[in-house]
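Student: I would like to learn how to read a few features of a protein model. Where do we begin?

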Amino acid sequence: MGGGFSRARPDASQSEGALGDLDRRESGVLNAAATSDRPIDRLGLRLRLRLRDGGPVSRGEVAAMAAALLRSALLCAALGCAGAALIPPADVKVEVLHKPFICHRKTKWGDMMLVHYEGYLERDGSMFHSTHKHNNGQPMWFTLGIREAIKGWDRGLKDMCVGEKRKLTIPPALAYGKEGKGKIPPESTLIFNIDLLEIRNGPRSHESFQEMDLNDDWKLSKQEVKIYLKKEFEKHGAVVNDTQHDALVEDIFDKEDEDSDGFISAREFTYKHDEL
C-alpha cells in the first residue's frame, strides 16, 4: 500500500461502449480543469490523472486537496458564490379550517378586518393571547397590508371570506424575529387560529398608497405627494402652479403627519383629504 491510495484500472471485461462514455465524460472534466485558473482545479486535475492511470496518491496530496477544498468553502461563504444554491426564506403556511359555501367578498390589502384569534407558540403549544380570553371577549379590528399587524398576518389573510377560519403557521422572520415580544421568546414560530367576522373598506386603498410611495419605503415624502397631486390635476385638465402645489402639500402634511417627522406613514394614511 505504501501509505497511499490507488485505483485499479478498469477490468477489460467491461463493455467498450461503457468505457467510451466514461472516457468522454472524464475527458470533458479534465479539459475544464486544465484550462481553469483556480489552484484547487489544477490540484484536482493532478490527482484525477494519477488515479486514472492507476498511480498511487500520497496522503499528503489528499490532505492538500482537503485543505484547498476547505479554503474554497470558507472563501465562498465570506464572499458569496455565483450560481450557489440559495435556501428560500420560510413563508407563512396557510390552512383553511372552514370556508363558507357563499363568499360575497374576499379581503384585499387596505381592507379593515374584524377578527377573533388565538395565538400559540409552536415549540410547546402554549397560548400567548386570545381575543376570547384576553380582550374582554371582544374581536379586534386591524387594517390588512399596512404592517399594522405582523408581516405573517398581511401575507396569510388575503383573499379571505367572512365566516372563514384559517390556521397560520408563521416563521420568526415574519413574526417577532430575534427580539421576541412579551410572552413570545426570540426566534419563535407562531400558530394562529383566526376567524374573520366582518370586512369593511379601509379609509384609503392600499393601491393608492403604493402609487404615491415611489421608493417603496412605506412612507410618503412631500415630494412624492406633490408628484401625485400634479399627475391627478393634469389627468383632470386642471392647471395648478408650483406655489399652489406647495400650499396644498403643506396643508395635507399639517393634517396627516401626526408625529411631525416630515413623512406620512402607512398608518397615518387615514385622514380623508379631498386632494388625495
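Tutor: A salt bridge is a side-chain nitrogen of Lys or Arg within 4 Å of a carboxyl oxygen of Asp or Glu. The model here is predicted, so local features need pLDDT of at least 70 and side-chain atom pairs count only at pLDDT 80 or more, while totals for chains, interfaces and linings use all residues. Residues are numbered from 1 along each chain as its sequence is written, and side-chain values use heavy atoms, with hydrogens and water left out.

Student: How many salt bridges does a search of the whole structure find?

Tutor: The search finds 8. In one of them, the side chains of Arg166 and Glu164 meet at 2.6 Å, N to O.

Student: Are Arg166 and Glu164 buried or exposed?

Tutor: Buried means under 20% relative accessible area, exposed means over 50%, and partly exposed lies in between (1.4 Å probe, protein chains only). Arg166 has 7% relative accessibility, so Arg166 is buried. Glu164 is buried too, at 0%.

Student: Which salt bridge involves Lys222?

Tutor: Lys222 pairs with Glu250, and their closest N and O atoms are 3.1 Å apart. Helices (H or I, at least four residues) and strands (E, at least two) are DSSP runs, numbered from the N terminus. Lys222 is partly exposed at 35%, and Glu250 is partly exposed at 38%.

Student: Which backbone nitrogen lies 2.8 Å from a polar atom of the Asp257 side chain?

Tutor: The backbone nitrogen of Gly262 does. Contact means heavy atoms within 4.5 Å. Leaving aside neighbours within four places in sequence, Asp257 is in contact with Ile252, Gly262, Phe263 and Glu268.

Student: How many aromatic pairs does the structure hold?

Tutor: Rings of Phe, Tyr and Trp (its six-membered ring) pair if their centres lie within 6.5 Å; planes under 30 degrees apart count as stacked, over 60 as edge-to-face and the rest as tilted. The structure holds 5 such pairs. In one, the ring centres of Tyr117 and Trp153 are 5.0 Å apart with planes at 85 degrees, so the pair is edge-to-face. Tyr117 belongs to strand S4 and Trp153 to helix H5 (residues 151-156), so the pair ties together parts that are 36 residues apart in sequence. Trp153 is buried at 4%. The rings of Phe142 and Trp153 are also edge-to-face, because their planes are at 65 degrees, with centres 5.1 Å apart. Ring pairs link Tyr117, Phe128, Phe142, Trp153 and Phe192 into a cluster.

Student: In which sense do strands S4 and S5 pair?

Tutor: Two strands pair if DSSP finds at least two bridges between them. S4 (residues 112-121) and S5 (residues 127-130) pair in the antiparallel sense over 3 bridges. Gly119 has His129 in S5 as its bridge partner. The two strands form a hairpin with 5 residues between them, and Gly125 in the turn has a positive phi of about 75 degrees.

Terms used: A polar contact is a pair of N or O atoms within 3.5 Å; within protein, one must be able to donate a hydrogen and the other to accept it, and residues adjacent in sequence count only if both atoms are side-chain atoms.
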